[in-house]
Amino acid sequence: MAKCLALSLIIAGLFIGLVGPQWNILNPKWGRSDEVVNRPEWNILNQRLGKGVVVGDNLKNYCESWRINVELNNIRGFSVVPQECVDHVKKYMTSSQYKADSVRAVEEIRLYMSGFCTLKDDGKDSWIFDIDETLLSTIPYYKKHGFGGEKLNATSLEEWMEKSKAPAFDHTLEFFHEIKNKGFKIFLIFSRKENLRFPTVDNLVSVGYHGWNRLTLRGFDDELMDVKKYHSKVRQQLVDEGYRIWGIVGDQWSTFDGLPMAKRTFKLPNSIYYKA
């Protein structure tokens, strides 16, 4: 009986260690792991427990997994990129792979249009574009402001936007004019504030965009509204006007979520920030 009781206590101790507050996926060690976690040298860059045993995936795999799960909308509502992953995100967002991923998304839109979009020639076939990280790039700004590793300073970003210096993405600029020439009505919906209308228009025109039908920015009444609800509200207005929304292109899931929905949505990569 005594042996059975002792065995039970050992097993219980193991499970208590498993669910204890010091256990997490980055520190999967039972027992006295708090002694290791509390050491100043312990972090994701140095996951060494006990006598030099490396625990978990290496940093590159961890950060790429984080980035992919942002794109899949599994990771939501983050205010900053994890500090240990800032360099990884920076390398991706300034790499040829980022451009290739974006170009591939645009190619998928072309395939969709060629096989499924039948316009009625009544002026009511429409397409919606987001702006930042879709038509214009704010990457030059984030290069100087922590690449997502710093909490957003909205005043600083708006001051940069007022200069109208954001470059265009070549692939979406080309596609913008393709879709316009096919007869789609183009609506630009973005969460920039209304006071940025003139610099936004100047920026778009200066890099080659022209011929859209309407640019909607957030008015005073919209500023406290969630980005998702704001986009839904504007889409509902278009539907009420009789427009058929064939597609939306954007870099944020909040651009697509909610009703009414477009027939198709196309997500462009962006691991720097998240808008809800």
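**Ground rules.** I'm working from a predicted model, where local features need pLDDT of at least 70, side-chain atom pairs count only at pLDDT 80 or more, and totals for chains, interfaces and linings use all residues. Residues are numbered from 1 along each chain as its sequence is written, and side-chain values use heavy atoms, with hydrogens and water left out.

**Cysteines.** I searched for disulfides (a pair of cysteine sulfur atoms within 2.5 Å) and found one. Cys63 is joined to Cys85, S to S 2.2 Å. Cys63 sits in helix α3 (residues 59-71) and Cys85 in the loop between α3 and α4 (86-93), so I noted a link between distant parts of the chain, 22 residues apart; helices here are DSSP runs of H or I, at least four residues, and strands are runs of E, at least two, numbered from the N terminus. I checked the S-S torsion too: about -80°, so this disulfide is left-handed.

**Strand β6.** Next I went to β6, residues 244-250, and saw that seven of its seven residues are buried. I then looked for its partners, with pairing taken as at least two DSSP bridges between two strands. β3 (residues 125-129) pairs with β6 in the parallel sense over five bridges, and Phe129 has Val249 of β6 as its bridge partner. β7 (residues 264-267) also runs parallel to β6, over four bridges; there, Gly250 is partnered by Lys267 of β7.

Conventions
Buried means under 20% relative accessible area, exposed over 50%, partly exposed in between (1.4 Å probe, protein chains only).
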